[in-house]
Amino acid sequence: MNELVFFFNTVIVSGIVLGCIYAMGAIGVTLIFGILRFAHFAHGDMMTMGAFVTFLLVTALAAMGITTAPFLPTGFAVLPVAMVITAIIALGLDKGFYAPLRRRGARPVTLLIASIGVTLIIQGLIRLFFGTGVYNFFETEPKGLIRLPVPLEGVTRTVNITQPQLLMIVGTIIAVAALHFFLTQTRLGKAMRAMADNADLAQVSGINTKLVVRVTWVVAGALACFAGTMLALDVQLKPDLAFNIVLPIFAAAIVGGLGQAYGAIAGGFLIGFAETLAIFNWSVLLRPFKDNLPFTLPADLSIVPTEYKLTVAFVILVIVLLIRPTGIFKGASS
Amino acid sequence: MIRRSLTLFAALFVFFCVVGWVMGAANISLLLVQSFAMALVALGLNIQWGYGGLFNFGIMGFLMLGGFAVTFISYPVNAAFWGSEGPMMLARALLAFCAGMLLVIGARNAHRIGIRGGWQTALTVLAWAVGYIVYRSQIDPAAQYIEANAGFVGGLGLHPVLGWIFGGILAAGVAYVIGRICLGLRTDYLAIATIGISEIIRALLKNTDWLTRGTLTVSPIPWPTPLPQALQAQGMPITDSFVQARLWFLLLVLIVVGLAFFLIQRAYGGPWGRMMRAIRDNHIAADSMGKDVTRRQLEIFMLGSVLMGVGGAIFVSFAQIYDPGSYQPINNTFLFWVMVIVGGAGNNWGAVFGALLIYVSWIISDPVAQAIFGTISHWSSSIGWGEIPDIQSRASQMRVLVLGLVITAALRFAPRGLIPEVVKRDV
C-alpha cells in the first residue's frame with residue numbers, strides 16, 4: 001500500500017497541481033483567441049509578471065511588518081490586489097500594442113508576431129528590474145506542509161500536500177465556478193460567448209464589442225496573475241517562470257479546442273496528468289509483486305526519461321493537431 | 001526605391017565602420033562572420049515567410065540540426081567507439097526502429113485486409129506502443145554502453161564544408177517530415193506546432209549524450225580555413241592572425257551567402273517565384289488555377305530550411321563548439337523574425353540588411369546599456385540615491401527589451417519593413 005500512496009503523491013497530487021496551472025493559463029489563451037482571433041504568445045509572461053506584482057506587494061507588506069504567515073501565505077492573501085493590478089496592465093498592453101494594429105485591420109498573424117514582441121518587452125523589463133536571480137516567497141515565513149495519515153493497516157507513508165498546493169486547488173475550483181457563472185448567467189458573459197461565436201453578428205446585434213474586448217483582457221490578466229503566483233508559490237519565482245510552460249499551455253488550449261473555455265480546463269488537466277504519468281517510474285508499483293513476475297524487474301520503468309517531461313506536452317500537441325486539429329471540444333476557426 | 005536601399009546600405013556601411021573603429025579589427029571581423037551567417041538564416045526565413053507566407057517558428061531546431069551535422073561530419077574519428085560493440089548495438093537499434101516503423105505502417109494499412117474503424121485505430125495505437133518498446137529496448141542499452149565505454153560516437157573526420165552541406169540535407173529531411181505533418185494547418189497552429197517540434201528537437205539533441213555529448217559539449221570543431229593558431233605557428237603576431245583567419249572564414253561564408261542570394265533572387269523573379277507569391281497572397285485562387293498548393297509549400301519550406309541548416313552549421317563551425325544547451329528560442333528563433341520583419345519580408349536585400357543591422361545592434365546594445373547604466377549609477381550615487389546594483393548582468397538583459405521594442409515599433413510604423421518588397425504591376 002505504501003507504493004500506492006507514493007503513486008498518489010507523485011502522480012495524482014502533482015498532476016492536479018500542474019493541471020490547475022495549465023488550465024488557468026489555457027483559459028486566458030483560449031478566451032483571447034475566441035474574442036480577438038490570435039494566439040497570444042505573451043500569456044506566459046503575463047503570468048510571470050503577475051507573480052512579480054504579487055512578490056512586490058508581499059515585499060512591501062513585509063517591509064511594513066505585515067504578514068499572514070501561519071494562517072495563509074502572504075502571497076495568497078494579497079492575490080486579489082495583484083490580480084486587479086495585472087488586469088490593468090493587461091488592458092494597457094492591449095491599448096499600447098494590440099489595439100493600434102487591430103484598428104489598422106492587421107491580420108491575426110501580425111498580432112501574433114506583435115505578441116512575441118510583447119513577450120520580449122515584458123521579459124526584458126522583468127530582468128532589467130529584478131535581475132536573473134531566483135526569488136522565494138517563503139524566505140521569511142514557513143511553507144506549510146500537510147501530512148495526512150492513511151487509515152489503513154501497514155501504511156507508513158503519508159499523503160503529502162503543501163499549503164500552497166491545497167490553496168491552488170481550492171482557488172482553481174472557485175475561479176472556474178466563478179467563470180462558469182460569469183459566462184452563462186451574466187449579460188456580459190453571454191455577450192462574450194456570442195462574440196466568440198461570430199464577431200460580426202454580435203456587433204450588428206448591438207453588443208458593445210469594445211467592452212467585451214476589455215473584459216476579456218481583464219479576465220485573462222487576472223487569471224494569468226492567479227496562475228503565475230500559484231506557480232511561483234509552488235516552486236520559485238524567476239524571470240522565465242512561465243515562459244518555459246507557455247507551450248504546454250498552448251498545447252492544453254489546442255487540445256481542448258481553441259476558443260472553448262471548458263475545453264481549456266480539460267486540456268490543462270489532460271496535459272498535466274500525461275506529463276506526470278509519463279515520467280512516473282512504474283516499477284515502483286510492481287516491486288511488491290517482483291517474486292511473482294515472469295521477468296526480472298528493471299530498475300527504471302518510466303515511459304519517458306524525466307528530462308523529456310515537457311516534451312510529452314509537445315508530442316500530445318502534435319498528435320492532436322494531426323488527428324483532430326479542432327481539439328477535443330470543437331474549437332473556433334478563424 | 002533603389003535610391004532608398006542604397007542610402008540605407010551606405011548608412012549601414014558607415015555604422016559598421018564606426019563600430020569597427022570603436023571595437024577594433026579583431027572584433028569587427030568576428031562580428032562580420034557571425035552577421036553574414038545570420039543573413040543566410042534570415043534569407044532562409046525570408047523564403048519561407050516572405051515568398052511563401054509560411055509561419056516557421058522552429059528556426060532553433062534547424063540551427064541545432066545543422067550544428068549537429070557539422071559536428072558529426074567534421075569532428076575527428078572516435079576510435080574507442082568504432083573499436084567497440086557500439087556500432088553493432090546502434091545498428092540493432094536502427095533495425096528495431098525500422099521494424100517499429102514497418103509495424104506502424106502495416107497497422108495504418110490494415111483496412112486493406114478488412115480491419116476498419118475503431119479496430120484499426122486500436123491496432124495503430126498498439127503498433128506505436130510495441131514499436132516504441134522494441135526501439136527503447138535496443139537503444140537504451142546501446143546508449144548506456146557507448147556513454148560508458150567510448151563517451152560518444154565522435155565524428156567522421158571529414159572536411160567541414162561537407163558538414164555544412166550535410167547540415168542542409170539533414171534540415172531538409174526533417175523539414176520534409178515536419179511539412180508533411182504541419183503544412184495543412186492554419187497559420188497560427190503552424191506557428192505553435194513548429195515551436196513545439198523545435199523544442200522536441202532541442203530536448204532530443206540535448207539529452208542524447210551518446211550522440212552529441214549533450215550538455216558536456218563537443219569541441220574543438222575544425223575550421224574549413226586555417227585557424228589563427230596555425231597562422232601564429234607561422235610567426236604571425238596574435239592580433240593579425242585572428243583578423244586574417246577570420247577574414248578567410250568570412251570569404252568562405254560570403255561565397256555561400258552570395259551563391260544562395262543569387263539563386264533565390266533569380267528564383268524570385270522567375271515563374272516559380274511568381275507562383276509562390278500567388279500562393280502566398282491567395283492560396284484558394286492559386287489552387288483553382290491548378291497549382292498544387294500543399295506540394296509547393298512543402299517545397300518552399302524545405303528550401304528555406306536548407307539555408308537555416310547550413311547557417312546553423314556555419315555558426316557551430318565558426319564557434320568551434322557544439323553546445324546543445326546554449327540554444328534559446330529568443331536568440332535562435334525570434335531574433336531572425338525581427339531581422340526579416342525590420343528588413344522587409346519578401347525582399348532579399350531587406351532580409352540581408354535586417355540581419356546585419358539587427359545583429360550588430362543586438363551585440364552592441366550590451367556595452368551601450370552598460371555605459372548608460374554606469375552613467376546613471378554615477379549620477380544617482382552623486383546625488384545620494386546610491387548606485388545601481390549588478391549593472392553587468394542587468395545590462396546584458398537590455399538587448400531582450402530592445403529587441404521587443406524594435407519589433408513592436410516596426411510592426412506599427414513600418415509594417416512592410418525598411419526595404420519593402422517591390423510589387424511590380426505589368427500593364
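Guide: The crossing of H1(A) and H10(A) is right-handed, a crossing being called right-handed if the near helix is turned clockwise from the far one by less than a right angle, and left-handed if anticlockwise. This is a predicted model, in which local features need pLDDT of at least 70 and side-chain atom pairs count only at pLDDT 80 or more, while totals for chains, interfaces and linings use all residues. Residues are numbered from 1 along each chain as its sequence is written, chains are lettered from A and ligands numbered from 1 in the order in which they are written, and side-chain values use heavy atoms, with hydrogens and water left out.

Helices are DSSP runs of H or I with at least four residues, numbered from the N terminus. Helix H1 (residues 2–36) of chain A and helix H10 (residues 246–256) of chain A have axes 8 Å apart and pack at an angle of about 65°, where axes are lines fitted to C-alpha atoms over the stretch in contact and angles run from 0 to 180 degrees between N-to-C directions. H1(A) and H10(A) are therefore roughly perpendicular to each other (65 to 115 degrees; under 35 is roughly parallel, over 145 roughly antiparallel and the rest oblique). In their contact (heavy atoms within 4.5 Å), H1(A) supplies A:Tyr22, A:Gly25, A:Ala26, A:Val29 and A:Thr30, and H10(A) supplies A:Pro248, A:Ile249, A:Phe250, A:Ala252 and A:Ala253. By class, that contact has 8 nonpolar, 2 polar and no charged residues, with Ala, Val, Leu, Ile, Met, Phe, Trp, Tyr, Cys and Pro counted as nonpolar, Asp, Glu, Lys and Arg as charged, and the others, Gly among them, as polar.

Elsewhere in chain A, helix H4 (residues 79–103) packs with helix H5 (residues 108–130) at an angle of about 160°, their axes being 10 Å apart, which means that H4(A) is roughly antiparallel to H5(A). H4(A) passes H5(A) in a right-handed crossing, through a contact that includes A:Phe97 and A:Leu101 of H4(A) and A:Ala114 and A:Val118 of H5(A); the residues of this contact divide into 9 nonpolar, 2 polar and 1 charged.

In chain B, the axes of helix H11 (residues 238–269) and helix H14 (residues 293–319) come within 12 Å and cross at roughly 180°, so H11(B) is roughly antiparallel to H14(B). Among the residues making their contact are B:Phe249 of H11(B) and B:Ile314 of H14(B), and the division is 8 nonpolar, 1 polar and 1 charged.

Between the chains, the contact takes 42 residues from chain B and 49 residues from chain A. Together they bury about 3,900 Å², 76% of it on carbon and sulfur atoms, buried area being the accessible area (1.4 Å probe) lost on putting two parts together, summed over both.

As for the backbone, B:Pro220 lies in the loop between helix H9 (209–212) and helix H10 (228–233) of chain B, and a cis peptide bond with omega of about -5° joins B:Ser219 to B:Pro220. B:Arg213 is found in the loop between H9 and H10 of chain B, and its phi is near 60°, a positive value in a residue other than glycine.

Definitions and conventions. Helix = DSSP H or I, 4+ residues; strand = E, 2+ residues; numbered from the N terminus.
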